[in-house]
Amino acid sequence: MMIVMKRSAREKEIASVEERLSRDLPELHLKRIVGQELTVIAAIGNADALVELDLESMPGVDRLVPIDQPYKLASIETQGHKNSSFSVGSAEFGPGQFNLILGPCTVESEESAIETARLCKSAGADLLRAGVFKPRTSPFTFQGPGYAGLGVLKEMKEETGLPIVSEMTSIGQAEKIIDVVDVIQIGARNMSNYPLLQAAGQMKKPVLLKRGLSATLDELLQSADYILSEGEERVILCERGIRTFDQSSRFTLDLGAVAILKEKTHLPVIVDPSHAAGRRSLVEPFARGAVAIGADGLIVETITHPEKARCDANQQLDAENIADFSKKMRELHRSL
Ligand code: PEP
Ligand code: MN
């Protein structure tokens, strides 16, 4: 529910509404939104119990407006129709910003990871990506180096000064990755792993949340609510392709999702063209579409020697094309 205060409402009156809500309904999530003219309190939780409180009779309260969407904290209304902005190291997410997250699918070896980190930095990456726990479809394929890869992530960071994005696949990993990983990635297969989302939301680190293979956008936003409701406001959404009847690319990149999410949520939205494309030749055209429709950034798999990669070899960009690719994407973003 949105509690809209009168234009004339004073700080004392706003605070007493918040106090009343915290006292009578302590389970509610409260968020004060201060607009240029109005102050609104977003109160998420039991709307029926909230209506019973008869807040409209309190001084300074104008009216109650229900939040109609199933997602609440992620809703653009809850942020007063303003987009979120936050920084991750020296990278800024928010209106007008554009971030390139480059790096290997997974840490393959120390040498390859460091060489790739240097390549990505020189191509202009804002953040580096590299998985150590890989959610593979088959248990018989390379699962990533696991904890042994954390030292390599640290070296990649030290070598480049760039923040590291890496996937957490189980709650038990949180304690060990927290000192190394700067952005916690929740992969597509775990978008609906609610306890994992809650654990990620408690880590006091930004979270990159990827859309599930068959998830609707409202489901994605409700998953974001799990993270936001733990108090972590730095959530980045990622469209990475969905399952459809057409198998001609690895997944079907739902570009429209970017524009729709921009209407629904205040959170930044980036696109992963690599996993949608599944092959190198499609990565750039998919990425161009993503930038053109308004994505706030791209996460693109890149490695120095894709021919040797044990994971997602066919879709990773390499030393031949990453600098040119990055330059084109930034120019396209600027021109728009
Ligand atoms: C990844 O980015 O490493 C990955 C596994 O992607 P997704 O979860 O989108 O499949
Ligand atoms: Mn991959």
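How far does a backbone N or O atom of Ala 188 lie from an oxygen atom of ligand 1? The distance between the backbone N or O atom of Ala 188 and the ligand oxygen is 2.8 Å. The structure is a predicted model, in which local features need pLDDT of at least 70 and side-chain atom pairs count only at pLDDT 80 or more, while totals for chains, interfaces and linings use all residues. Residues are numbered from 1 along each chain as its sequence is written, chains are lettered from A and ligands numbered from 1 in the order in which they are written, and side-chain values use heavy atoms, with hydrogens and water left out.

A polar side-chain atom of Arg 129 is 2.8 Å from a ligand oxygen, and an N or O atom in the side chain of Arg 189 lies 2.8 Å from an oxygen atom of ligand 1. Of the 290 Å² of accessible area that ligand 1 has on its own, the protein covers 96%; these areas come from the Shrake-Rupley method with a 1.4 Å probe. The residues surrounding ligand 1, each with a heavy atom within 4 Å of it, include Lys 134, Glu 167, Lys 210 and His 275. By class, this shell has 6 charged residues (Asp, Glu, Lys and Arg), 3 polar ones (the others, Gly among them) and 1 nonpolar one (Ala, Val, Leu, Ile, Met, Phe, Trp, Tyr, Cys and Pro).

His 275 brings the description to the manganese ion (ligand 2). This ion is coordinated by Cys 105 (SG), His 275 (NE2), Glu 301 (OE) and Asp 312 (OD), at 2.0 to 2.4 Å. Donors here are N, O and S atoms within 2.8 Å of the metal (3.2 Å for Na, K and Ca); water is not among the atoms, so sites may look incomplete. Along the chain, the donors follow the spacing C-x169-H-x25-E-x10-D. Because His 275 lies in helix H9 (residues 273–277) and Asp 312 in the loop between strand E14 (297–301) and helix H11 (322–335), the pair ties together parts that are 37 residues apart in sequence.

Asp 312 is buried, with a relative accessible area of 16%, and His 275 is buried too. Buried means under 20% relative accessible area, exposed over 50%, and partly exposed in between (1.4 Å probe, protein chains only). Asp 312 also has a positive phi of about 55° although it is not a glycine. Most residues other than glycine have a negative phi.

Technical notes: Helix = DSSP H or I, 4+ residues; strand = E, 2+ residues; numbered from the N terminus. Polar contact = N/O pair within 3.5 Å; in protein donor to acceptor, adjacent residues only side chain to side chain.
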